[in-house]
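Trainee: I would like to go through this model with you, starting with how its parts are arranged.

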2 protein chains.
Amino acid sequence: MSMSTLIKNALIIPMSRDGEYFYGDLLIENGKIAKIAERIETAADEIFDVDGDIVLPAFINAHTHLAMILMRNYKDDKENLQQWLAEIFPIEDKLTGEDVLRASRLGIAELIKGGCTTFSDMYFFAEETEKAVKEAGINASLGLTIFGDGEETERRYVERLPRMKEGAKDYGRICFTIAPHAIYTTDSDSYKRSKELAEKENFVVHTHLSETKKEVDDCLESTGMTPFVYLESIDALSNGNMILAHGVHLTDKELEKVREYGLSVINNPSSNMKLSSGALDVKKLLDMGINVALGTDGASSNNNLNMLEEMHVAALSASLKAETPINAYQIIKMATINGAKALHLDDRLGSIEVGKDADIIIISTKSENMNPLNNPFSAIVYSASSEDIRTVFSHGVKVLDERRLTYAEEKSIIDDVNSAWSDIIRR
Amino acid sequence: MSMSTLIKNALIIPMSRDGEYFYGDLLIENGKIAKIAERIETAADEIFDVDGDIVLPAFINAHTHLAMILMRNYKDDKENLQQWLAEIFPIEDKLTGEDVLRASRLGIAELIKGGCTTFSDMYFFAEETEKAVKEAGINASLGLTIFGDGEETERRYVERLPRMKEGAKDYGRICFTIAPHAIYTTDSDSYKRSKELAEKENFVVHTHLSETKKEVDDCLESTGMTPFVYLESIDALSNGNMILAHGVHLTDKELEKVREYGLSVINNPSSNMKLSSGALDVKKLLDMGINVALGTDGASSNNNLNMLEEMHVAALSASLKAETPINAYQIIKMATINGAKALHLDDRLGSIEVGKDADIIIISTKSENMNPLNNPFSAIVYSASSEDIRTVFSHGVKVLDERRLTYAEEKSIIDDVNSAWSDIIRR
């Protein structure tokens, strides 16, 4: 494994200054970005001439349920989120830690092939997903997921959190969120305890909110409040420390408060569109100054984990929802630096800057669909295909090399999941 | 070149009966589908064991402007269609036949890599695009495009049509449409003559209609009628013989008439969303019994020519627009048999049936994103990436083999377009 890599002749998009790109070289040393310049002549263990290909920060998938890859395309074409969840929950009751480990390995492989090296997960058996993250050598923010009441919340924290924190310490690239699932699956006491613990332990709270009209209507019926107002009423909104997945049906007044509280909204356009849930008005949120990041949601409702494709869908969906098109650069921000900010990882991820982790991807500009290039931001968002993501580095190490995983054998990852899935549906 | 190819162990989706798929073998002889069965033991020049990969009819791109690939990502992020066209038209005035030939070659390469072997074009220098179609060995419906008045229309037909018909005759896989551009660029006399000529020559009329709200508003202001009512008032609607690109803003009453006239609507979801034009309510049209096909529009407003990606966007956009999700199989129909019907090519294309042309694609089921497969229709529409389209046959000949074009050198196609484009913007 090289300790230093010199990338030459790249079209570098650093994502640290709006609309900036330039041609130059980039030096990676010991997993970090050591130097960026028009020309670097330093010796390096590996010199990699990319001949005008694009170098971009690796993507950050800010909301997913990784192991739900098992249920990809399963019971598809249901009428809405609730009908579909009714099919999914009984399957989830049967899952074992080993199932989640195998599924996490496949999910991580798919994420990497779509240019992503950091994901924010919300699922069960997080310690199994943690193993898969370490095997691949990437980054994760793993949710300690809560379904149920405050007591269960407390019990899960006491049981699992110390072990998970311990497991993450040496590795250094895993952090945790406390993840009460949603207002329709988790009670108010659980939300309150989640907030308290998050503030005490300096964790981010990760929850679903205002995903569907039905969620809003049901909440209005049972509490007289919308989901956001309900969370506010129970003092569950954690200042600057909470990510709201979906948020499709947040009202303008609620969005003002989202901004005041410094919360991040995670847009999941494919899942929202596919389930007829609606579309987030991304342009409006960005114009208001809200940090909007991007997620694929689970592969069971997407039905893929491809962040490049998610950017494309996000751009189209945002432009449809608004009166005028969104700027492509804004979409790349959502998939990189905005995700890092949402997860409190922007000190080391989300942009190409000296001192940050070398989590970067190389997008070929040599394919039919990338020519003429004309505008590199538009090319990435609208024209590129994951096939163009030739190489992915995480912490300076190539995890994808010419579209092949470097750290594992792809076929066995896939076979293991298929055999687990055959077994699960027979249980 | 093989005269016969036997494809073994395929997951065949014939698209001739709703929701049908089965595992089996497929024999191609002399460019045609000769036999489909659970097991075929006939000798063949080539035997191709696909080990469970999906065999599907090649896609039909029912509305594009192929050579606009030159302007890919050029002047992107304009506020609307009209502003963007104002940037594009001056460039188009400078184009030569050689530019269009080079651009057509690149466009065809990109189409093939997205699994498409038939396209319906509307652009200038159609005889140059015709050359590129013949070089690749695929199918096209080429529009004799009209901007202007009836006299220009007449002149273009007299000048060009005989030559184009002659050029297509021996090849046998090119047909023509008469393509008055739009009501805001072409006059009523031109539309009327187009209809007469189309009926006389048995051609399809191909036009843009009701793409944007502005088009509708402007038409209402100048004629007191919507674009559809205007075309009906001048007797320009050709029974069963006309394809309407976009149609986003057609009213319910107009859609009833679209069905009565037997017209096809070509959905271009990426372009419509990207330019904030709106989204076609595909579920409604299909429920009404209207034939809806799928197109990418030009690569300048999409900004790619990837029909697999267009299916994905079409599905998401249709489910967002409707109250409940669209069925994935309906989307595959739009991209195959419905396109063939719209272009009057369903006697030989659009489905896998004995006697039809062997225009088929092989989609790998071996990638991370295609596992678990669970539902092959959903997997194609939501999970697949063009990288999974390993092999493409047109008329029984492999035009794409393991992601490489067989008939041309990709780099020179790309280089030729880039040098043309550098020259064009300096003219």
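Mentor: This is a predicted model, in which local features need pLDDT of at least 70, side-chain atom pairs count only at pLDDT 80 or more, and totals for chains, interfaces and linings use all residues. Residues are numbered from 1 along each chain as its sequence is written, while chains are lettered from A and ligands numbered from 1 in the order in which they are written.

Trainee: How far apart do the C-alpha centres of domain 1 of chain A and domain 2 of chain A lie?

Mentor: The bounds come from an automatic or database domain assignment. In chain A, domain 1 covers 4–57 + 358–405 and domain 2 covers 59–342. Their C-alpha centres are separated by 28 Å.

Trainee: Which element gives the most to the side of domain 1 of chain A that touches domain 2 of chain A?

Mentor: Residues are in contact if their C-beta atoms, placed from the backbone, lie within 7 Å, and here 21 residues of domain 1 of chain A contact 25 residues of domain 2 of chain A. Helices (H or I, at least four residues) and strands (E, at least two) are DSSP runs, numbered from the N terminus. Two or more residues each come from strand S15 (389–394), strand S16 (397–401) and helix H14 (376–383) of chain A. The most, five residues, come from H14(A).

Conventions. Contact = placed C-beta atoms within 7 Å.
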